[in-house]
Every structure is written in structure tokens, then in C-alpha cells.
Amino acid sequence: MSGTKAPVLPAAVAAACLSVLAGCAQLSQAPDSDYRQALEKALTAGQCDGDAVRDMWSAYGRWYAVASSIAGHPKTDEAVALLRQGDQFRILNCTEVARASYRTLIHHFPEDGYAAMREAARNSLRTLPPPLPAPGGPTQIRPVREI
């Protein structure tokens with residue numbers, strides 16, 4: 001009898017492990033990987049708005065939410081990603097995406113440990129041209145100088 005039970009137990013354990021692994025394979029990848037792929041797609045598209053940029057911000061939001069829910073988790077990677085994202089979109093001349101990236105970093109990371117990154121974001125914000133007026137909003141008119 002003992003000869004028939006021995007092969008059954010390892011087979012049952014193997015089947016249970018395969019079942020668990022199959023369930024894990026259906027899970028999406030880590031939120032930071034989703035963000036990195038969305039960022040790459042947005043940069044490759046080379047556009048300053050549209051689905052790729054919206055997907056990038058959504059992926060970042062998910063990543064930040066997961067990181068924020070983990071007690072004691074240092075969110076340095078999340079802050080660095082925003083600074084890098086702002087710099088990359090500034091190079092593409094997508095100033096509004098760059099501006100939003102820097103402002104998000106300043107807003108989301110008020111802790112002392114992120115002071116240098118906040119300062120870098122503020123410095124980068126100063127290098128950007130002024131924001132575009134909102135559609136339908138007042139247009140600033142400068143007086144013409146006399147010659």
C-alpha cells in the first residue's frame with residue numbers, strides 16, 4: 001500500500017503548485033514596470049498630449065498609489081522618475097508635461113529627504129517658458145514699445 005500512496009502525494013503537490021503558478025501568471029506586472037513601459041511609449045510617440053501621455057500618467061498614479069500604501073516604503077524611485085520624466089519631456093519641447101511632472105514631484109514629496117529633488121524640479125520649472133493661457137481664458141497683451 002505504501003508504494004501506491006507515495007507517488008500520489010508528489011503529484012498532488014505538483015498540481016497545486018502549477019495551479020498557483022498559473023494564477024500568478026495571469027497577474028499584471030509590477031506597477032513600476034507598467035509605468036516604465038507607458039513612459040517609453042509616450043516618449044516614442046513624441047507627442048505632448050494624447051492617449052500615450054494619459055496612459056503614462058495613469059500608470060504613474062497606480063505606481064505611486066501602491067508605493068504610498070506600503071508603510072515605510074521609501075518612494076525615491078517614484079520621485080526620481082518624475083524628475084527624469086520632466087527632463088525628457090522638456091527635451092521634446094513638451095513644456096506642459098514637463099511642468100506637470102515637476103509640480104507633481106514638488107507636491108507629492110514634501111518630506112525632508114526629497115529636498116534636493118524638489119529644488120532640482122523648481123530650477124527646471126524656472127527654465128520653462130511661461131504656461132500657455134487656458135483655452136477661452138484671457139490673453140495677456142503686452143503694450144507695444146515706442147521706438
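I took buried to mean under 20% relative accessible area, exposed over 50%, and partly exposed in between (1.4 Å probe, protein chains only). Helices (H or I, at least four residues) and strands (E, at least two) are DSSP runs, numbered from the N terminus.

This is a predicted model: local features need pLDDT of at least 70, side-chain atom pairs count only at pLDDT 80 or more, and totals for chains, interfaces and linings use all residues. Residues are numbered from 1 along each chain as its sequence is written, and side-chain values use heavy atoms, with hydrogens and water left out.

**Overall.** I found 6 helices and 0 strands in the protein chain. Of its 147 residues, 27% count as buried.

**Helix H5.** I looked up its buried residues: Thr95, Val97, Ala98, Arg99, Ser101, Tyr102, Thr104 and Leu105. Their cover includes helix H3 (51–69), helix H4 (76–91) and helix H6 (115–127).

**Salt bridges.** I counted a side-chain nitrogen of Lys or Arg within 4 Å of a carboxyl oxygen of Asp or Glu. The structure holds 6 salt bridges. Asp32 pairs with Arg36, with the closest N and O atoms 2.8 Å apart. Both lie in helix H2 (residues 31–45), 4 residues apart, about one turn of the helix. Asp32 is partly exposed at 24%, and Arg36 is partly exposed at 41%.

Next I checked helix H6. Glu119 forms a salt bridge with Arg122, the closest N and O atoms being 3.8 Å apart. They sit 3 residues apart in H6, about one helical turn. Which residues are linked in a network of salt bridges there? I noted Glu119, Arg122 and Arg126.

Notes:
Contact = heavy atoms within 4.5 Å.
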